Amino acid sequence: MKKGQTLIVIDPRGEQVADLLSFNARDIDEVISSGRTFDYAERIYLSTGNKLYSNRSNVMLEIVEDTVGRHDFLLTPCSVDTFDHFYPDLPRHRGCFGNLAEALAPWGITPAQIPNAFNCFMNVPVDGETGELKVLPPISRAGDYIALRAEMDLIIGLTACSAPDSNGGTFKPIHYRIEA
């Protein structure tokens, strides 16, 4: 993506999570950071008007429109290890981590460089007393979307999530488009 373009991530059928990563197109060691973003936003639930920061405290993306208002930036992309831990009775699956690693490899991005993803539409309530996390089905409905404007030239990784709990037990497509 070029600076100023807008990425629109669409949930066409509802209740489907999409994992999103961003890297500075000119220096892939600068990557999206949940920690920096939480520090500067002073919140863990991000929506319209919030900015997603890099590990170098630069704004990478700004959420310019959001019809859902609930996304996760705490949990890491699911992987073979995630499936072994949470779903030992299901077939092993490379998950979002494997999808993203394969898609980003042509840009020289290695699996070791993959950070926590911004999980569009993922519903992870946090108990304010205990800090306990729960993964519940997304609240997104068919046609819901989030629009993110690039604040620098970016390499974006995006995949539909394949973890059963994250998607209410079913898997559906994710659509996207990039606008000038």
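Predicted model: local features only at pLDDT ≥ 70, side-chain atom pairs only at ≥ 80, totals over all residues.
How many cavities of 30 Å³ or more does the count come to? The answer is one.

About 30 Å³ of space lies in the largest cavity. Its lining is made up of I44, Y45, H71, D72, F73, L74 and V124. By class, the lining residues divide into five nonpolar, one polar and one charged.

Two of the lining residues lead onward. Take Y45, which is part of the cavity lining. The charged end of R70 sits over the ring of Y45, at 3.8 Å from the ring centre. Now take F73, which also lines the cavity. F73 forms one aromatic cluster with F38 and F118.

That brings us to the aromatic pairs. The structure holds five of them. The rings of F83 and Y87 have centres 5.3 Å apart and planes at 50°, so this pair is tilted. Both F83 and Y87 are buried. Y87 also pairs with F86. Here the ring centres are 6.5 Å apart and the planes stand at 55°, so this pair is tilted as well.

Is F86 buried or exposed? F86 has a relative accessible area of 56%. Exposed means over 50%, so F86 is exposed. Y87 has a relative accessible area of 11%. Buried means under 20%, so Y87 is buried.

Conventions: Residues numbered from 1 in each chain as written. Heavy atoms only, no water. Phe/Tyr/Trp six-rings, centres within 6.5 Å; stacked < 30°, edge-to-face > 60°. Buried < 20%, exposed > 50% of the residue type's maximum accessible area, 1.4 Å probe, protein only. Lys NZ or Arg CZ within 6 Å of the ring centre and 35° of its normal. 1 Å grid on protein atoms, 1.4 Å probe; cavity = no way out; pocket = protein on both sides within 12 Å on 5 of 7 lines; lining within 4 Å. Points joined across faces, edges and corners; volume = space filled by probe spheres on them. Nonpolar A, V, L, I, M, F, W, Y, C, P; charged D, E, K, R; others polar.
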